[in-house]
Amino acid sequence: MIDGPDYSSAVSGEDMKGTFFSEGQLVFEGTDYLAGNGNLEVRGKYKHVICSDDYFRLNSGNIVIKEAASDAVHANDYIRIDGGSIKTLSEGEGLECEKGYVVINGGDIQLTTTGEKGHGIKSKEYLTVTDGTITILVSGTASKGINVTEDIDIRGGTIHITTTGDAYFDEQDNDTSSCAAIKCDGDMRIENGTIVTYSSGSGGKGLNVGGALTIEDGRITVTTTGDQYVYDRNHDTAAKAIKSTGNLTVNGGTITIRTSKTEAEGLESKATLTINGGDLDIRAYDDCINASDHIEITGGNIYCYSESNDGVDSNGTLTISGGMIVSVGAGSPEDGFDCDQNRFTITGGVAVGIGGSTSTPTASACTQHSVIYRGSQFSILRIEKSADSSEVLTFRLPRTYHSTTVLVTTPALQANTGYTIYTGGTISGGTDFHGYYTGAAYTKGSSAGTFTTGSMVSTVGSSGGTFPGGR
């Protein structure tokens, strides 16, 4: 089925919105109900391809749209896909619901868009995904893989999104507009499933959420390789992996983030960022984890590696009460843990922060001891209890610093106890979590100082002196 390059011969009084148009509902089933198959191929040279002024549903069968001058599938009330397959190529949207919502409960969905601001899925209201496989490729300037005005709820399924277009300056809005794999103006919740995004254009975003973002479970992999887009001194935008304007909460799941260009941050909240669980591996050019108001870490296994800035950076306060954290910042003045001069509370967990500097825990707010060691030109750091040489920390640094600051906190640091620090030596065997070893054999290097936990924060300087009681 195919239309013409214009609708000049349209019948007076009749709507002509696409190749396959209906004023009412459009429901597609496979022609063979037992086998659940059936094929439909449609092309649109002038407007939309499949268009309904009511709703669109796909239950089974195979729809192929090889050409769409505007939207491949366009509906007013809602779009629902429960099975079957749909493959589209369009200049406009792949699937657009103009007034209502989109629900995907299954099926194989492959959407490719090429036009400027040609989004894969666009919903005026909300989007819910419970199952199915969704593959989206958008290449136009400022295009979005998924663009939703209200909330997004991901409960399952597999979503792969690639964006390759650059950002640009929108003179009408007087602002920059960039590509994003997923753009949600409301709240977004990820309960399960797999999400993989790759953005290569300038200013490209992975997940860009205007409200709150909550991650309960699932596997999320976000990669951005685009550089910063600069229009003039007042208008620019950088690539971001995962960003929420509201609170960002991680309760579980596996999150892998990679960014590689100027000002490209990993996991960012413009409010409070809370990590209660999950496995996070974040390697970013800029800050790995950043929040405007507060960062709270109560659990999870977290690895951060920043090429040029801080590992964990709160512009407000910072609290660690649990979890296993290795946070690697760049050289001075960047930190493993940075909260400026604001309150830094430690009440539990195991954390190692490495950088050129560090924020100092607020002793009066802490109930778990920590130590800050400053030295230079070493690759292994070992902390032992002086009385019996029992292990507190065995750590291999992930990069070389001219001058290194390491912050360590662990329940193994006990009150009013003497400890010895060694640098260098060798490590063999054991379990390695990004340089943090447990159960390994350690051959001693050089003694680098001693300290006694007379207060909550102890500091050992590069001169090799002893600083009991902290700062």
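I looked up T176 in this predicted model and found a relative accessible area of 18%. T176 belongs to strand β20, which covers residues 175–177.

Next I listed what T176 touches beyond four places in sequence: Y168, F169, Y229, H235, D236 and T237. For D236 I also took the C-alpha to C-alpha distance to T176, which is 6.6 Å across a sequence separation of 60 residues.

I then turned to the largest pocket and noted a volume of about 490 Å³. Its lining has 24 residues, and T176 is among the closest to the centre, together with K144, S177, S178 and K183. Two or more lining residues come from each of β16 (144–148), β20, β21 (180–184), β24 (205–209) and β29 (240–244). I sorted the lining by class and got ten charged, nine polar and five nonpolar residues.

For the largest nonpolar core I recorded 78 residues, with I50, F56, M188, I242 and I289 touching the most other members. A further core lies apart from it and has 27 residues, including V328, V371, L393 and V408. I followed up M188, whose contacts beyond four places in sequence are I152, I154, I182, I195, L207, V209, A212, L213 and T214.

Last, I checked confidence. The protein chain has an average pLDDT of 93, and 93% of the residues reach at least 70. Residues 463–471 fall below 50, although the stretch has 23 contacts in the model beyond near neighbours in sequence.

Definitions and conventions. Residues numbered from 1 in each chain as written. Predicted model: local features only at pLDDT ≥ 70, side-chain atom pairs only at ≥ 80, totals over all residues. Heavy atoms only, no water. Core = buried A, V, L, I, M, F, W, Y, C linked by side-chain atoms within 4.5 Å. Buried < 20%, exposed > 50% of the residue type's maximum accessible area, 1.4 Å probe, protein only. Contact = heavy atoms within 4.5 Å. Helix = DSSP H or I, 4+ residues; strand = E, 2+ residues; numbered from the N terminus. pLDDT = per-residue confidence, 0-100. 1 Å grid on protein atoms, 1.4 Å probe; cavity = no way out; pocket = protein on both sides within 12 Å on 5 of 7 lines; lining within 4 Å. Points joined across faces, edges and corners; volume = space filled by probe spheres on them. Nonpolar A, V, L, I, M, F, W, Y, C, P; charged D, E, K, R; others polar.
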